[in-house]
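Thanks for coming. I have one structure to go through, and I will keep to what can be computed from the atoms.

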Amino acid sequence: MTIQLPGADGTLRTHEPRTEPLALTTGAPFTSRTVFSAAHVVADPFADTTPDSPAAIDWDATLAFRRHLWSHGLGVAEAMDTAQRGMGLDWAGAAELIRRSAAEAKSVGGLIACGVGTDQLTGQASLAEVRAAYEEQLALVEASGARAILMASRALAAAASGPEDYLDVYGHLLRQSAEPVVLHWLGPMFDPALEGYWGSSDLDTATDTFLEVVAAHPDKVEGIKVSLLDAGREIDIRRRLPQGVRCYTGDDFNYPELIAGDEKGFSHALLGIFDPLGPLAAEAVRVLDTGNTAGFRELLDPTVELSRHLFQTPTRFYKTGVVFLAWLAGHQSHFTMVGGLQSARSLPHFARAYELADGLGLFPDPKLAEERMKSLLALYGVNQ
């Protein structure tokens with residue numbers, strides 16, 4: 001059996017779907033790297049909502065997907081960018097997601113870390129209001145028993161007049177945090193409102209400020225997450241960290257080489273692409289645990305083409321591809337997203353994502369994925 005897939009040039013090409021998935025099983029906990037998958041949320045397809053409505057979430061399907069990730073040994077990075085934080089999921093929805101996921105993590109013994117931001121703020125805010133918003137969210141995450149990830153804040157980017165304001169706000173938060181946190185630097189390719197974060201559009205200057213925050217509070221920074229899609233800069237930052245502070249790669253373009261590392265160190269991982277790649281990524285890390293770096297790269301390198309496709313410009317819409325693949329893989333019964341974000345990518349984009357994911361053997365039931373892809377094609381008027 002074959003399937004006709006549309007290309008960006010308007011022509012159709014023939015793809016022969018796989019008949020068997022990649023053989024992947026659950027296994028022992030990782031020993032060489034700490035690995036988190038940022039996880040998507042599953043919308044309630046029957047909710048009578050609009051793109052401006054508060055998110056309506058299918059909690060059963062959302063939590064089931066997190067159990068899927070935990071079953072393969074991955075940690076869950078909750079209420080992050082991948083969960084459409086600030087792109088359909090508001091703070092009220094994120095707070096409920098954190099509470100539910102943290103409780104689920106406790107029940108199954110899963111590793112979890114949750115995003116702390118300022119997205120309850122609307123409109124202009126003062127630095128004092130930014131600090132208070134961060135504090136409110138930090139308190140909720142700490143009360144849930146999860147590790148906190150201090151996310152980049154649109155409100156802080158708008159309110160700060162220079163590096164000193166970032167040093168002040170982050171210093172205040174780190175001094176009062178009950179446990180060490182992860183600091184997240186999300187680049188403007190993921191969120192244009194974060195341009196000039198850390199007080200400068202010059203990345204060298206911004207990097208110095210970021211590292212100054214870490215150096216001033218090494219006992220309160222468990223790690224950093226770098227999402228700049230710049231492997232060289234991440235390696236430079238990684239080598240400049242204080243002893244004991246981890247680097248978690250958030251580079252969805254260059255993750256195999258960054259996780260593999262070099263003679264001077266390596267990155268752990270906190271990645272959105274590990275949402276669709278979960279079982280395969282887990283298998284690769286277990287190979288790396290044995291010291292077999294070549295085998296790790298052999299498994300993970302072929303996934304980069306799919307990741308670069310999903311995260312292509314405009315990068316912030318990568319969530320659409322992630323949820324699309326979750327639907328094809330059978331993790332949810334529909335392709336609907338909060339905020340109507342299922343419309344953010346084109347049919348040729350979906351076709352290529354299906355083709356690449358099928359080639360990697362990512363679908364547990366290739367026939368189901370083929371049938372669902374054909375149903376989407378028919379909806380767009382592509383007859384087989």
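I start with helix H10, where Ala-294 and Glu-298 are exposed on one side; exposed means over 50% relative accessible area, buried under 20%, and partly exposed in between, with a 1.4 Å probe and protein chains only. Helices (H or I, at least four residues) and strands (E, at least two) are DSSP runs, numbered from the N terminus.

Before going on, this is a predicted model, so local features need pLDDT of at least 70 and side-chain atom pairs count only at pLDDT 80 or more, while totals for chains, interfaces and linings use all residues. Residues are numbered from 1 along each chain as its sequence is written, and side-chain values use heavy atoms, with hydrogens and water left out.

Back to H10, residues 293-300: which of its residues are buried? They are Gly-295, Phe-296 and Leu-300. These lie on the same side of H10 because they cover an arc of only 120° around the axis, taken from the directions from the helix axis to the C-beta atoms. They pack against helix H8 (255-260), helix H9 (274-289) and helix H11 (304-310); contact here means heavy atoms within 4.5 Å.

Next, the nonpolar cores. A nonpolar core is a set of buried Ala, Val, Leu, Ile, Met, Phe, Trp, Tyr and Cys residues joined through side-chain atoms within 4.5 Å. The largest has 117 residues, and among those touching the most other members are Tyr-170, Phe-324 and Met-373. Leaving aside residues up to four places away in sequence, Phe-324 touches Phe-335, Phe-350, Ala-353, Tyr-354, Met-373 and Leu-376. A second, separate core has 10 residues, including Ala-38 and Val-182.

Last, the spaces. On a 1 Å grid over the protein atoms alone, a cavity is a set of points where a 1.4 Å probe fits but cannot get out; a pocket is an open set with protein on both sides within 12 Å along at least five of seven lines, and lining residues have an atom within 4 Å of a point. Grid points are joined across faces, edges and corners, and a volume is the space filled by probe spheres set on the points.

The largest pocket has a volume of about 430 Å³. Its lining has 25 residues, with Arg-85, Gly-86, Asp-119, Arg-154 and Asp-191 nearest the centre. Helix H4 (154-159) and strand E7 (181-186) each supply at least two of the lining residues.

The largest cavity holds about 100 Å³ of space. It is lined by 16 residues, and Asp-81, Thr-82, Lys-225, Gly-272 and Tyr-318 lie nearest its centre.
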